[in-house]
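My notes are below, in the order I looked things up.

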Amino acid sequence: MEEHAPRFNLSIVSSDVEVGGARLSAEYALSDEEIAIAHWWVLINCEEVKYWKKLHLNFPEVDGDLEYHNMTFANYFRTWMDMIKFDDNPNWSHELLLLAMQPQRARVYPTCTVNGVKFVSEERDSRRRTQNSGVMAKGHGLDYYGVLHSVVELVYAEGMKVHLFKCRWFDTGAQSMKMDQYGNLSVNTATRAYEDDPFVFATSVKQVFYLDDLARGDAWKIANIVHPRNIYRAATLGVTIPGPEADAYQEPNALGIHDVATVRENNVKHGRVLRIRDEDSTFIDVDPNEETDDDSDDELRHRLPDINSDTEEDSSDDSDYEP
């Protein structure tokens with residue numbers, strides 16, 4: 001395994017993500033609508049795009065209307081990037097143009113290794129004695145718990161890839177998450193929430209083990225966040241290690257997490273409604289030496305400010321079979 005520097009100068013493109021396993025079957029493939037949602041999610045959570053989001057929200061016709069902003073921002077962003085290119089603006093970013101052009105395809109995989117930590121889809125995990133499907137993502141004042149449904153690889157022009165986790169999130173309401181006197185967080189895994197917002201950057205999650213909550217029983221699981229220690233990339237050690245499919249010892253799988261049909265039934269039974277997850281796009285890099293913590297065009301042209309961004313070009317082999 002050979003160490004590579006990031007090919008594209010964007011915070012959402014990481015060389016520490018390695019997908020694994022054969023591509024999943026057609027039932028896991030993203031629909032055109034899901035691809036559009038995934039691309040929109042990437043745009044609004046990309047650090048280099050935040051300035052453009054703020055500019056768009058301040059437009060008189062938008063005036064802070066988030067719904068209108070979400071519906072129209074992608075098209076405005078594409079127009080801006082095209083205009084910067086045509087004007088030969090020295091601050092034009094090639095990577096931002098690639099991002100604005102939307103993904104050319106979406107590939108779906110069952111496993112992924114992120115900075116040495118292996119994640120496995122819920123379906124595949126259910127057939128193993130180990131557990132690698134639990135995930136936790138930090139939001140604004142709230143942590144989101146769930147399981148990995150699939151690994152999504154969005155492929156943009158010139159082979160620029162962005163990796164997302166499509167997750168099944170549990171409800172974060174007070175009736176679905178309980179903390180005991182010892183600080184153990186128990187989650188009701190029979191619930192489901194944020195179904196319209198399933199995506200998160202692969203690099204912004206922590207792995208979680210779900211252990212049976214013997215006090216509450218049924219679908220309640222104690223969430224145990226994994227704090228990896230002494231994990232190094234193979235290239236830094238000068239050795240060859242097995243690929244993403246190789247198993248590593250983990251705690252036994254906490255069986256009994258309800259399937260989708262049961263989750264939907266429980267949500268309807270208890271009158272739960274869907275909510276949009278408030279995602280914090282902070283990236284999490286595992287440091288093996290760090291102590292763990294518990295816890296019309298003229299009008300547009302007139303509005304264009306200057307931005308500073310490095311430009312790089314690259315090519316990628318897209319000869320893979322496309323589903």
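These entries go from the overall picture to the core, the strands and the rings.

**Overall.** I am working from a predicted model. I find 8 helices and 12 strands in the protein. Of its 323 residues, 46% count as buried. The exposed surface comes to about 16900 Å², with carbon and sulfur atoms supplying 48% of it.

**Core.** I looked up the largest nonpolar core, which has 60 residues. Phe77, Leu99, Leu164 and Phe165 touch the most other members. Helix 3 (residues 66-86) gives this core its largest share, 7 residues. There is also a second, separate core of 11 residues, with Phe170, Met177, Val187 and Ala223 among them.

**Strand 7.** The hairpin of strand 6 and strand 7 has 5 residues between the strands, and I noted a positive phi near 65° at Glu158. Strand 10 (residues 199-201) is also antiparallel to strand 7, through 3 bridges. There, Phe165 has Val200 as its bridge partner. Leaving out residues up to four places away in sequence, I listed the contacts of Phe165; they include Cys112, Phe119, Leu148, Pro198 and Val205.

**Helix 2.** Which residues of helix 2 (residues 50-57) are buried? I get Trp52, Lys53, Leu55 and His56. They sit on the same side of helix 2, because they cover an arc of only 165° around the axis.

**Rings.** I count 11 aromatic pairs in the structure. Tyr76 and Trp80 have ring centres 6.1 Å apart and planes at 55°, so I logged the pair as tilted. Both residues are buried. They are 4 residues apart in helix 3, so about one helical turn separates them. Ring pairs also link Tyr76 and Trp80 with Tyr51, Trp52 and Phe59 into a cluster.

Tyr144 lies in strand 6 and Tyr194 in the loop between strand 9 (185-188) and strand 10, so the pair ties together parts that are 50 residues apart in sequence.

Notes. Residues are numbered from 1 along each chain as its sequence is written. This is a predicted model: local features need pLDDT of at least 70, side-chain atom pairs count only at pLDDT 80 or more; totals for chains, interfaces and linings use all residues. Side-chain values use heavy atoms; hydrogens and water are left out. Helices (H or I, at least four residues) and strands (E, at least two) are DSSP runs, numbered from the N terminus. Buried means under 20% relative accessible area, exposed over 50%, partly exposed in between (1.4 Å probe, protein chains only). Accessible areas come from the Shrake-Rupley method with a 1.4 Å probe; for residues, only the protein chains shown count as cover. A nonpolar core is a set of buried Ala, Val, Leu, Ile, Met, Phe, Trp, Tyr and Cys residues joined through side-chain atoms within 4.5 Å. Contact means heavy atoms within 4.5 Å. Two strands pair if DSSP finds at least two bridges between them. The arc is that of the directions from the helix axis to the C-beta atoms. Rings of Phe, Tyr and Trp (its six-membered ring) pair if their centres lie within 6.5 Å; planes under 30 degrees apart count as stacked, over 60 as edge-to-face and the rest as tilted.
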